[in-house]
Amino acid sequence: MIKIAVVGVAAILMAMQLREVKPQFGMYVVFGAGILIFFYAFTKLEGIVEAMGQLGKYVTIEEKYLQILLKMLGISYVSEFAASLCKDSGYNSVAGQIELFGKLSILLISMPVVLSLLKTLGQLLT
């Protein structure tokens, strides 16, 4: 975490210095740092996948539901990252559209889980 914090703070300091010379260069530095941090965070995803696999061993959950959960997690991180970059650039409307699309994608992916839950509830009530 300290490495990521240092990269973020260094990028902001460089962007502040470049803002006086050429503002767009500062934005490029911030984008570069954001992408670097994103890909570094993406490498940590392997640990999460392993933990989900171990969770699946302890609890009888179908593998497709764990896959759905990981997809939802990935969509939320990617959409949040992209929306944050757009907001930092001043394109709030594009950021809002990305967030909306991410939410709709998560809703679409989660439908098999919702349908299975409703089916189980229907069987319990009858």
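**Helix packing and the largest pocket**

In this predicted model, α2 (23–43), α3 and α4 each contribute at least two residues to the lining of the largest pocket. Helices here are DSSP runs (H or I, at least four residues), numbered from the N terminus. Residues are numbered from 1 along each chain as its sequence is written, and side-chain values use heavy atoms, with hydrogens and water left out. Because the model is predicted, local features need pLDDT of at least 70 and side-chain atom pairs count only at pLDDT 80 or more, whereas totals for chains, interfaces and linings use all residues.

The largest pocket has a volume of about 280 Å³, a volume being the space filled by probe spheres set on grid points joined across faces, edges and corners. A pocket is an open set of points on a 1 Å grid over the protein atoms alone, where a 1.4 Å probe fits, with protein on both sides within 12 Å along at least five of seven lines; lining residues have an atom within 4 Å of a point. The lining comprises 13 residues, and Phe38, Ala41, Phe42, Tyr77 and Val78 lie nearest the centre of the pocket. By class, nine lining residues are nonpolar, two polar and two charged. Nonpolar covers Ala, Val, Leu, Ile, Met, Phe, Trp, Tyr, Cys and Pro; charged covers Asp, Glu, Lys and Arg; the others, Gly among them, are polar.

Two packed helices are described by the angle and the distance between their axes. Axes are lines fitted to C-alpha atoms over the stretch in contact, and angles run from 0 to 180 degrees between N-to-C directions. The axes of α2 and α4 come within 11 Å and cross at roughly 170°; α2 and α4 are therefore roughly antiparallel, a term for angles over 145 degrees. In their contact (heavy atoms within 4.5 Å), Met27, Phe31, Gly34, Ile35 and Phe38 of α2 meet Tyr77, Val78, Phe81, Leu85 and Ser89 of α4. This contact has eight nonpolar, two polar and no charged residues.

Helix α3 (residues 45–58) packs against helix α4 (residues 63–89) at about 155°, with the axes 11 Å apart, so α3 and α4 are also roughly antiparallel. Ile48, Val49, Met52 and Gly56 of α3 meet Leu66, Leu69, Leu70 and Leu73 of α4.

How values were computed
Angles under 35 degrees count as roughly parallel, over 145 as roughly antiparallel, 65 to 115 as roughly perpendicular and the rest as oblique.
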